[in-house]
Amino acid sequence: MTLSGRHFVAGRAEPGEGEVFTGVDPIGGGALAPDYREAGAGQIDRACAQAGAAAPAYAAATPAVRATLLRGIADGLEALGDELLQRITAETALPAERVLAERGRTRQQLQQVADLLAEGSWVDARIDHGDPARRPQPKPDLRRMLVPLGPVAVFGASNFPLAYSVVGGDTASALAAGCPVVVKGHPAHPGTSELVGAMVTEVVRAQRLPAGTFSLLHGRTPATGGALVRHPAITAVGFTGSEGGGRALFDLAAARPQPIPVFAEMGSMNPVFVLPRAMALRGSRIAEQLAASATLASGQFCTSPGMVLWLPGPGAGTFAAALRTQLGASRPGPTVHATIRSGYERVLAEVRALPVAVHAVATGGDAAATKVCPTLLAATPDAVLAHPRLRSEIFGPALLAVPTHEPADLLAIARSLPGYLTATVHGDGDDFEQHAELIAVLRRKVGRLIANGVPTGVEVCASMVHGGPYPASTDARFSAVGTSSITRWVRPVCWQDWPHALLPEELRDDNPRRIRRMVDGVEQ
Ligand code: NAP
């Protein structure tokens, strides 16, 4: 497929209208053809208006029709073949095996929500039959289920050019829910976005769905994203990216005449606590795993571990030494775009101006100007408690070591933490019982608690929670990953005393879809 800088506005391929930008080779720094132009105001308006126009028909499409669309997109991703894989590598410098794995994960996300639709019970149907004979008031017949919100604006992150991008988890779950999608492509991988956008547009057309079901707009200024969020036809926003970006869009959405929900998944420091028995038994092994997790893909994961805390005792010295060795021996690596590298260096400089020691900087291999160096920092518990900056994400391969003096330090720091995506606890024997209060505090702070593992590697399945209290996300009640992510794009509607023949199939007495339901308080 020839890339030509196309936007896809409700089925129409067209060039943009604003400033020109290109993808950039993150290693060589050169521009990657073709030119892309920022979306024009008229294009944004048409994409959103057409999504609004498509919404009733797309919401009425049967689950089977929507599942076919999702499976068609999953197959289309595969069919884009090497051309897609090579463009991703060119635009992001992500290694080929990672790109392949991410394509597999993205297809899996699409297929899982298609399976969810086929099974059907996710609509949470509840039926309470009426009782006209009830006294003193007759009881009405009440039936409720989840229905789609309407058009969703999706903003992907740069570090996952497929899994959190044009057909990533937000798009897959919104389309599954019955919501048209308008994607704002990430300007760090416009060619990848164009390839995927062209494929989705074709699948939508081939399946004769309303053209406004899907649009892709390119842009690299806040104006484009802002216009999308302010558009009256947009009913919800899915965002993955920085805290600054997510918060800006959340505030814009709240300031609309008709506010809409923003489900923003943002940064996280993912602290790791190593408890005494685990430290004594396998401190060196934990240090090895932790260093590998912190430096994986140059630390460009929202689940990258950014802080490790431990108590004095047997194994602690060996653990600290192993961390230094491992981080120091790791290699500088490229970032998906230059702004991530400059952001990493700026934040490291800010942090180093605080009472923080630098324990190791990886300089092995090629420490080119386009790469980031894994860095091990260290701070005292008092410093961490005094400086909130030490408790917030450093996006990149940095790890802050915090050797503490006593359990009260662990507890005080845990209480001071903001919301994160994950917390990891290494424990053995009675470690978990001895530190039950710490674990209770951590449970209040995160969306996922991990025992004896690493936070990187987010399984895509029904029970995954990828989210957490602010600022990990703007709504801790939902997950951005796994089939439960569909519930972000729906709302409950109750039909009272409605003519039975006019009810949705999911709420009819004969249950033609054979879904699980709550009927008169009993699950059936
Ligand atoms: P980013 O710079 O926030 O960009 C994400 C998207 O939002 C882009 O399309 C960007 O477009 C748009 N955007 C950002 N600020 C905006 C604003 N003020 N107004 C309108 N649009 C705006 O994020 P990134 O650099 O791709 O990703 C790095 C960050 O993402 C890290 O902090 C990482 O932790 C986080 N992340 C989180 C998760 C998660 O699931 N929680 C997953 C991956 C990454 P423009 O560039 O055109 O403004």
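The shell around the ligand draws at least two residues from each of β10 and α8, elements that are DSSP runs numbered from the N terminus (helices H or I of at least four residues, strands E of at least two). Helix α8 contributes the most to this shell, with three residues. Keep in mind that this is a predicted model, in which local features need pLDDT of at least 70, side-chain atom pairs count only at pLDDT 80 or more, and totals for chains, interfaces and linings use all residues. Residues are numbered from 1 along each chain as its sequence is written, and side-chain values use heavy atoms, with hydrogens and water left out.

Let's look at α8 itself. Gly246, Leu249 and Ala253 are the buried residues of α8 (under 20% relative accessible area; exposed is over 50%, partly exposed in between, with a 1.4 Å probe and protein chains only). Seen down the helix axis, these buried residues fall within an arc of 70°, so they line one face of α8; the arc is that of the directions from the axis to the C-beta atoms. The face turned away carries the exposed residues Gly244 and Ala255.

What do the buried residues of α8 pack against? They pack against β7 (152–155), α7 (222–230), β10 (236–240) and β11 (262–265), with contact meaning heavy atoms within 4.5 Å.

Now back to the ligand. A polar side-chain atom of His466 lies 2.7 Å from a ligand oxygen atom.

Notes:
A polar contact is a pair of N or O atoms within 3.5 Å; within protein, one must be able to donate a hydrogen and the other to accept it, and residues adjacent in sequence count only if both atoms are side-chain atoms.
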